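Dear colleague,

Please find the structure below for your records. My notes on the findings follow it.

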Amino acid sequence: MFTDTTFRDGHQSIIATRMRTKDILDIIEEVDSLGFQALEVWGGATFDVCVRFLDEDPWERLRLIKKKLKNGKVQMLLRGQNLVGYRHYADDVVELFVRKAVENGLEVMRIFDALNDIRNLEKSIETSLKYGAHVQGAISYTVSPVHTVEYYVDYAKQLVERGVHSLCIKDMAGLLTPKVAGELVRNLKEKFDLPLEIHSHATAGLGELAYLAAIESGADILDTAFSPFGMTTSQPAFEPIYHSWNEYKPLPEIDWKKVDKIVKYLTDVRKKYDAYDVKMYSIDHRIITSQVPGGMYSNLVKQLSEQKMLNKLDEVLAEIPRVRKDLGYPPLVTPTSQIVGVQAVLNVLTGERYAKVTREVKDYVRGLYGRPPAPIDEELAKKILGDEKPIEGRPADYLEPELEKRKKEIGLLAESDEDLLIYAILGEIGKQYLKKRYDEKIYVDWTLVDKYEGGYPI
């Protein structure tokens with residue numbers, strides 16, 4: 001079985017998540033007709049980008065897509081206690097977000113934590129189960145001295161104990177080699193009687209090899225994207241992986257004329273977003289050492305280009321693994337990819353490591369994002385914390401309930417719980433989006449009054 005990621009991770013990794021809802025809706029029924037078990041269309045960076053850059057309502061996108069799908073399930077990527085933002089949110093925000101996501105059409109919740117800290121997943125797993133979603137527990141895969149097969153199997157056990165329906169190996173940087181993929185899949189399938197899904201990227205040239213090893217070892221589901229939004233920084237492409245898997249076991253027949261139509265359409269869509277295109281035309285072996293995931297790579301290239309500092313990319317890619325080691329080898333996935341990436345950029349641009357330390361790195365060292373996989377560099381911790389001790393409990397337990405406060409702050413700009421969540425998660429960016437929409441609505445209403453009632457009311 002396959003999950004299609006074209007309309008979430010595919011365009012997140014290739015064109016910085018800029019695909020608009022209309023471009024999705026005009027082809028998604030054709031994609032759905034090919035028999036994918038799920039289509040990942042929401043979550044990740046899509047929520048933020050809809051509001052921040054596209055002036056679109058992410059909730060409306062979810063509802064419109066749900067109406068179009070007749071076969072595959074609607075899937076999202078949820079960052080545990082981070083939801084679809086970049087910090088931990090209080091439990092009341094997590095509960096409302098999950099409930100509204102399910103009410104608006106979400107069926108499969110792929111839930112992960114950047115640090116594989118089970119405490120950061122407990123609330124979102126519990127709430128997703130409560131509201132009837134299929135809960136997939138995702139293992140954030142990375143390579144380090146502490147990240148062994150035994151480590152991942154133990155983490156999977158913690159996910160299974162909390163009631164997940166399926167497991168996913170989430171290899172966001174494409175670091176999974178064939179040997180490790182086979183070993184990890186065999187171990188997980190032997191110990192847990194749950195469907196196992198593999199998610200990887202082709203950035204370093206390993207994704208396709210890992211998929212074939214996973215197939216041979218008993219994986220149940222693979223994540224792929226159609227070729228215009230597959231390969232390089234994205235997932236392995238659907239077309240060759242389908243053809244290859246079909247040699248191992250017969251798969252349901254698909255209409256290749258429909259595949260041609262989809263590929264031609266998506267090729268044209270990608271051209272529309274050329275300004276945001278990562279323009280990666282071959283693999284990048286540097287990813288094997290830097291461990292930069294696809295979405296992080298595309299955004300890093302875009303941000304350095306905007307600052308006319310793309311010539312610093314090699315230095316930044318070399319600095320990222322050093323910062324990661326200092327911080328206890330966190331897997332590089334949102335939000336830790338941003339935490340490590342921004343600090344690495346600062347270290348390179350200032351010419352002195354940690355001359356300036358971001359607030360996020362300070363919070364990370366304080367334990368506010370969770371428990372690092374390995375100890376943080378002692379000198380760095382001392383520089384940041386002084387005599388302060390990092391927190392020891394579940395990070396969300398240190399947060400006060402947020403929703404009532406956010407309701408008072410946003411007032412009439414939020415017309416629904418979904419609007420309230422846009423503000424609660426995205427803060428000022430969300431507020432500006434809601435204010436613009438409110439102002440436009442007021443303008444339209446008063447124009448109608450002027451036209452039909454002869455003037456503005458007193």
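Serine 140 stands opposite lysine 170 in strand E6. This is a predicted model, in which local features need pLDDT of at least 70 and side-chain atom pairs count only at pLDDT 80 or more, while totals for chains, interfaces and linings use all residues. Residues are numbered from 1 along each chain as its sequence is written, and side-chain values use heavy atoms, with hydrogens and water left out.

Helices (H or I, at least four residues) and strands (E, at least two) are DSSP runs, numbered from the N terminus. E5 (residues 134–140) and E6 (residues 166–170) run parallel, joined by five bridges; strands pair if DSSP finds at least two bridges between them. The chain passes from E5 through helix H8 (residues 149–161) to E6 in a right-handed β-α-β crossover, that is, with the strands pointing away from the viewer, the path from the first strand over the helix to the second runs clockwise.

E5 is also parallel to E4 (residues 108–111), with four bridges between them, and histidine 134 in E5 is the bridge partner of valine 108. Six of the seven residues of E5 are buried (under 20% relative accessible area, 1.4 Å probe, protein chains only).

Notes. Buried < 20%, exposed > 50% of the residue type's maximum accessible area, 1.4 Å probe, protein only.
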